[in-house]
Amino acid sequence: MAEAEFTMELNDEQKEVRDWIHGFAAEVIRPAAAEWDEREETPWPVIQEAAKVGIYSLDFYAQQYFDPTGLGIPMAMEELFWGDAGIALSIVGTGLAAVGVLANGTEEQIGTWIPQMYGDANDVKVAAFCSSEPDAGSDVASMRTRAVYDEAKDEWVLNGTKTWATNGGIANVHVVVAVVDAELGSKGHASFIVPPGTEGLAQGQKFKKHGIRASHTAEVILDNVRVPGSCLLGGKEKLDERLARAREKARQGGERVKNAAMATFEASRPAVGAMAVGTARAAYEVALDYARTREQFGRPIIDNQGVAFQLADMRTSIDAARLLVWRASWMAVNGKPFTAAEGSMSKLFASETAKKVTAQAIQILGGNGYTREYPVERMHRDAAIYTIFEGTSEIQRLVIARTLAGVPIR
Ligand SMILES: Cc1cc2nc3c(=O)[nH]c(=O)nc-3n(C[C@H](O)[C@H](O)[C@H](O)COP(=O)(O)OP(=O)(O)OC[C@H]3O[C@@H](n4cnc5c(N)ncnc54)[C@H](O)[C@@H]3O)c2cc1C
């Protein structure tokens, strides 16, 4: 019989990387978590530490991304977010903007802008990806920020208000999605680099949040921001071709212009699922430890089925979530079609699991769980983000349902 190719075990190299990231999360991130949550500020010294050891760099993500099993990114995310969600988002937030450039940029744009997004260990920088707007959250197609081409100067002029941007206003490089042809819905959008120090870009309000408070989230105001033609990701020729194709399709009527971003989302959503698994696992471990050592009525509370069964359910859901995340990540790397929106499934299940498991952890810790003396209170606040960003749970269900029904997703 041929040797089975399928394995559920990480290989030695993956285990080594996982243990290395876990070490950083345990020794550097977790001990700093409570402080930066209270300060509600970007943890620059921790990002710098991550840069020093090589965890805050494009190379690190590229290496994980090109792991042919697809498990490199989810493994890294789970460990970092196990450490602390707010700090981990400050470390990986730049990656969201970098992926925007990698996905749509030319070789030259990738080479020019990505290094400026990260800076170096002596002078770390961050980047921001700005898509959401006050009136365009789930409904991305209703975006209003406009980009108008000034042919005489070969410049694009950006005007609008972005919101909820992770690292918005403090980023060295901003990637901004804007409308170039309003008739075409999301097909008429394009992405632009706003280089460091560009006039007209300003931070609006910085949000005071429920959780992930170490991660900076703010509005970004674009007031007649002029960027060179070379800042249009992918270049003008490619954009013109893409717009011409979309106009032709729209003219032919019939099929509603499909959202090309959908496939990208299916591939990126498992990474958010993995973050949620990390937070859920962290809370579960604290609860398990507490249940074994806390005694009431003369025995550890875990000896009560009411507590032990909760832990059994928590662990089962976490493992199930991880398997869904791994499956979708494997599919993405191996170019498998997401015929049942498996990426969205993994994000939906993992994020709902994180919310539930962190609440159960508070319950198991009783009064202590409700205080900031123990980390599960913070983990529960942090977990609430996973069902909101990168598409809410309702939007994941909508995507899954429409995919199953064979209805176009707009
Ligand atoms: C901390 C944080 C960081 C973020 N970082 C970034 C970032 O870096 N860059 C960026 O561009 N964006 C970012 N976002 C924005 C995020 O992606 C949006 O908040 C999210 O897409 C939801 O949009 P909204 O907040 O406008 O909610 P809305 O779209 O207004 O939704 C409100 C409610 O209505 C529900 N709903 C909406 N439409 C439907 C429907 N058709 N069917 C059923 N229910 C529906 C939603 O599920 C939700 O429960 C961030 C958000 C937060 C909170």
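Sorted by class, the shell around the ligand is made of ten nonpolar, seven polar and three charged residues, where Ala, Val, Leu, Ile, Met, Phe, Trp, Tyr, Cys and Pro count as nonpolar, Asp, Glu, Lys and Arg as charged, and the others, Gly among them, as polar. The model is predicted, so that local features need pLDDT of at least 70 and side-chain atom pairs count only at pLDDT 80 or more, while totals for chains, interfaces and linings use all residues. Residues are numbered from 1 along each chain as its sequence is written, and side-chain values use heavy atoms, with hydrogens and water left out.

In total, 20 residues surround the ligand, and the closest are S132, S138, W164, T392 and E394; a residue belongs here if one of its heavy atoms lies within 4 Å of the ligand. Strand 5 (155-166) and helix 12 (393-405) each contribute at least two residues of this shell, both being DSSP runs numbered from the N terminus (helices H or I, at least four residues; strands E, at least two).

Several polar atoms of the protein face the ligand. An oxygen atom of the ligand lies 2.6 Å from an N or O atom in the side chain of E394, a nitrogen atom of the ligand is 2.8 Å from a polar backbone atom of W164, and a backbone N or O atom of S131 is 2.9 Å from an oxygen atom of the ligand. Taken alone, the ligand exposes 980 Å², of which the protein buries 65%, by the Shrake-Rupley method with a 1.4 Å probe.

Domain 2 and domain 3 each give at least three residues to the shell around the ligand.

E78, F81 and W82 supply 28% of the area that domain 1 buries against domain 3, more than any other three residues.

Technical notes: A polar contact is a pair of N or O atoms within 3.5 Å; within protein, one must be able to donate a hydrogen and the other to accept it, and residues adjacent in sequence count only if both atoms are side-chain atoms. Domain bounds come from an automatic or database domain assignment. Buried area is the accessible area (1.4 Å probe) that two parts lose on being put together, summed over both.
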